[in-house]
Amino acid sequence: MTQDNYITQLESFFKDYHSLHRDTQDKYYKKLDTFFDKLKYRDQLFQLFKKESDKKLSSDFSVFDFIQIDELGLSNIIAILLDSNAEHGQDSLFLNIFIDMFGNKKLQNLSNKSFEVYKEYSTKENRRIDILLKNDDFAIIIENKPYAEDQLDQINDYIKHFENNENFKNKLFTIYLNKTKDLPTYFSSDTKKDELQQKIDSNEFRVISFYEFADNFLLRCYKECESEKFRYFLSDFIEFIKQNFQKDEDNNG
């Protein structure tokens with residue numbers, strides 16, 4: 001084969017290749033155009049449907065977009081949910097769901113019993129417990145840590161305050177609510193750390209993340225709540241937590 005013939009064949013090959021490539025490319029682009037035209041049409045239908053349904057559902061509206069939710073604000077909402085006499089009108093429903101979530105036998109025996117609910121409860125050690133549920137027989141401490149770190153021996157001091165009271169000896173359950181389900185880490189000594197570990201081992205102390213709180217408590221409250229008005233509030237609260245507090249497994253790798 002001469003060089004001229006070889007070049008001629010190469011030119012013919014690449015000409016055919018470019019023609020095939022152009023045809024294939026045109027078909028591909030046409031398929032893409034068709035796909036996105038259909039997608040655009042479906043999106044337009046969805047937007048029209050959403051616009052009509054939002055006249056009744058207001059799906060983009062959340063009360064939490066208009067109020068400042070800091071640590072105290074979260075504590076206030078949680079305290080209201082756990083107060084059987086609060087304005088939600090659901091009696092002890094939410095409290096019983098909360099108690100049931102921990103699988104603690106002592107707590108489960110307290111179902112349908114009334115508790116006084118305190119916010120920023122002061123102790124003799126100049127500590128302030130975020131939320132305290134208390135009656136003559138039992139006390140439940142809730143330390144709410146959505147943003148701040150724990151303080152030195154904070155949980156130990158809370159527990160000590162009630163264990164020094166004979167009425168609450170072995171009648172106390174402590175909950176540490178935070179972003180990532182991490183244990184408290186700020187102790188003055190290894191002894192203090194061991195004391196808290198003993199409470200964990202005896203199921204008297206539990207750490208839960210906000211994501212778990214939403215999934216295992218708030219979602220069930222939403223499903224069982226009989227007030228449609230309050231269900232809307234619960235739905236917004238669940239969405240707020242899931243948007244602002246990542247799932248604990250993601251945070252911990």
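## Strand β4 and its neighbours

In β4, Leu-177 is the bridge partner of Asn-144. That contact belongs to a parallel pairing in which 7 bridges join strand β3 (residues 139-145) to β4. Two strands count as paired if DSSP finds at least two bridges between them. Helices (H or I, at least four residues) and strands (E, at least two) are DSSP runs, numbered from the N terminus. This is a predicted model, in which local features need pLDDT of at least 70 and side-chain atom pairs count only at pLDDT 80 or more, while totals for chains, interfaces and linings use all residues. Residues are numbered from 1 along each chain as its sequence is written, and side-chain values use heavy atoms, with hydrogens and water left out.

β4 also pairs with β5 in the parallel sense, over 5 bridges. Here Ile-175 stands opposite Arg-206 in β5.

## How enclosed is β4?

Because 7 of the 7 residues of β4 are buried, the strand is largely enclosed by the rest of the structure. Buried means under 20% relative accessible area, exposed over 50%, and partly exposed in between (1.4 Å probe, protein chains only). Leu-172, Thr-174, Tyr-176 and Asn-178 point one way, Phe-173, Ile-175 and Leu-177 the other, and all are buried.

## Aromatic pairs

Now for the rings: a search of the whole structure finds 14 aromatic pairs. One of them is stacked, because the rings of Phe-94 and Phe-230 have their centres 5.7 Å apart and their planes at 25 degrees. Rings of Phe, Tyr and Trp (its six-membered ring) pair if their centres lie within 6.5 Å; planes under 30 degrees apart count as stacked, over 60 as edge-to-face and the rest as tilted. Phe-94 sits in helix α3 (residues 93-101) and Phe-230 in helix α8 (residues 228-244), 136 residues apart. Phe-94 is buried at a relative accessible area of 0%, and Phe-230 counts as buried at 15%.

Tyr-176 and Phe-205 form a tilted pair, because their ring centres are 6.5 Å apart and their planes at 35 degrees. Both residues are buried.

## An aromatic cluster

Phe-173 belongs to one aromatic cluster, whose members include Phe-98, Tyr-147 and Phe-245.
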